[in-house]
Amino acid sequence: MVGILQSWPEPVVRVQSLSDSGINSIPECYVKPIYDRPFAQDLPSGEANIPVIDLANLDANDPILRKTTMKLISDACRQWGFFHIINHGVSHHLMAATRNIWREFFHLPLDMKQEYANSPATYEGYGSRLGVEKGAKLDWSDYFFLHCHPISIRNDRKWPAQPASCRKLVAEYNDEVVKLCGKLMKVFSLNLGLEEDYLQKAFGGDEIEASLRVNFYPKCPQPDLTLGISPHSDPGGITILLPDDHVYGLQVRKDDAWFTVKPIPNAFIVNLADQLQVLSNAKYKSVEHRVVVNSNEERVSLAFFYNPRGDIPIQPAKQLVTNEEPALYRPMTFNEYRTFIRLNGLHGKSQVESLKCRQ
């Protein structure tokens with residue numbers, strides 16, 4: 001069965017090694033079909049106006065300011081599925097230090113990184129491909145994937161011992177971002193007209209699952225032919241992205257066009273994932289996105305995934321289901337959903353849309 005394969009179907013080639021070798025053209029396995037290539041006409045004006053929201057205003061003394069901020073978040077969830085947050089409470093120093101330590105990791109000698117090489121059994125560790133289809137088109141990126149929360153699911157052997165402060169920083173970063181996600185979940189619940197703790201309880205309360213994927217996008221000699229990550233929507237609950245401060249790469253799909261998101265220093269990018277679209281009965285959007293690469297600069301980003309516990313059925317909140325707006329999705333646990341995606345080879349908008357009930 002696909003979900004329990006213990007090894008990759010082909011030898012794994014590190015994209016960073018290809019880039020460092022000085023090649024002038026990329027191997028055929030990284031060349032995307034013409035319809036998936038990042039053509040210039042797909043990049044309206046170079047950046048997207050995804051909303052920028054100041055979370056400090058949620059604690060303002062002025063009730064009008066608090067209400068306005070709540071509405072900004074609600075509109076972003078319903079219209080974009082993506083937004084920047086500033087004044088979010090996570091230390092800027094911790095953000096920069098955590099991103100920098102991972103950049104250092106990717107510049108360690110290959111044999112040191114190979115000690116953490118992953119397999120398709122869990123994906124945890126140092127990786128360079130997703131999916132186990134032989135001969136698949138691959139993305140121009142390496143990554144490191146870790147289970148972070150709860151502590152009981154952490155595998156210390158997979159947490160890098162080098163650079164020396166990596167484990168400590170990742171643990172601190174996890175704690176701070178989990179708190180931030182809990183705050184956002186309360187806002188999302190209230191904006192949907194639900195009890196403040198509804199979504200958190202639906203995710204499993206204190207037993208939510210969180211993981212970190214650190215993405216490394218090496219320089220690419222032919223960036224117009226490939227992608228750092230192919231189009232997809234995230235399967236979980238919330239993704240908190242710490243982008244590279246200086247190098248753009250994330251693109252968001254809206255109105256059948258790809259918009260390039262310009263990073264803001266010390267800001268996170270929040271994107272809603274499939275399980276929130278299900279719980280909100282499609283009031284909130286889980287949006288397709290992808291990553292482009294470039295020939296001049298490498299790029300590092302950290303994607304923190306805040307997900308439901310794997311064994312809890314996720315379905316539209318009963319308070320959001322009426323005769324006029326029936327439940328759009330059938331119940332499914334997050335574990336079942338991930339298996340469903342793998343076995344059916346789904347990606348992008350088709351993931352969550354394929355769960356819709358037949359009305």
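I began with Lys183, which is partly exposed because its relative accessibility is 31%. I note here that the model is predicted.

**Entry: Lys183 and its partner**

I looked up what Lys183 touches. Its side chain meets that of Asp59 in a salt bridge, 3.3 Å from N to O. I then placed both ends in the chain. Asp59 sits in the loop between strand 1 and helix 2 (63-79), and Lys183 sits in helix 5 (residues 166-191). The two are 124 residues apart, so I logged the pair as a link between distant parts of the chain. Is Asp59 buried or exposed? Asp59 has a relative accessible area of 55%, so I count it as exposed.

**Entry: other salt bridges**

I checked the total next. The count is 17 salt bridges. I followed up a few of them.

I took Glu10 and Arg129 next. Their side chains form a salt bridge at 2.8 Å, N to O. Glu10 lies in the segment before helix 1 (15-20), while Arg129 lies in the loop between strand 3 and strand 4, so this pair ties together parts that are 119 residues apart in sequence. I compared the burial of each end with the cut-off, which is under 20% for buried. Arg129 has a relative accessible area of 6%, so it is buried. Glu10 reaches 24%, so it is partly exposed.

Which residue does Lys32 pair with? I found Asp139, with the closest N and O atoms 2.6 Å apart. Lys32 is in the loop between helix 1 and strand 1 (52-54), and Asp139 is in the loop between strand 3 and strand 4, so the pair ties together parts 107 residues apart in sequence. I looked up the accessibility of each end. Lys32 is buried, because its relative accessibility is 3%. Asp139 is buried too, with a relative accessible area of 18%.

I also found a network. Salt bridges link Arg103, Asp244 and Glu298.

I turned to strand 4 (residues 142-149). How many of its 8 residues are buried? I get 7, so strand 4 is largely enclosed by the rest of the structure.

I listed the strands that pair with it. Strand 3 (residues 125-127) runs antiparallel to strand 4, and 3 bridges join them.

The order is 6-11-8-9, with antiparallel pairing. Which strands stand at the edges? I find strand 6 (229-232) and strand 9 (257-260), each with a single partner strand, so one side of each is left without a neighbour in the sheet. I noted the twist as well. It averages 25° from one strand to the next.

Strand 6 pairs with strand 11 (residues 289-291) in the antiparallel sense, over 2 bridges.

Note on methods. Residues are numbered from 1 along each chain as its sequence is written. This is a predicted model: local features need pLDDT of at least 70, side-chain atom pairs count only at pLDDT 80 or more; totals for chains, interfaces and linings use all residues. Side-chain values use heavy atoms; hydrogens and water are left out. Buried means under 20% relative accessible area, exposed over 50%, partly exposed in between (1.4 Å probe, protein chains only). Helices (H or I, at least four residues) and strands (E, at least two) are DSSP runs, numbered from the N terminus. Two strands pair if DSSP finds at least two bridges between them. Axes are lines fitted to C-alpha atoms, for helices over the stretch in contact, and angles run from 0 to 180 degrees between N-to-C directions. A salt bridge is a side-chain nitrogen of Lys or Arg within 4 Å of a carboxyl oxygen of Asp or Glu.
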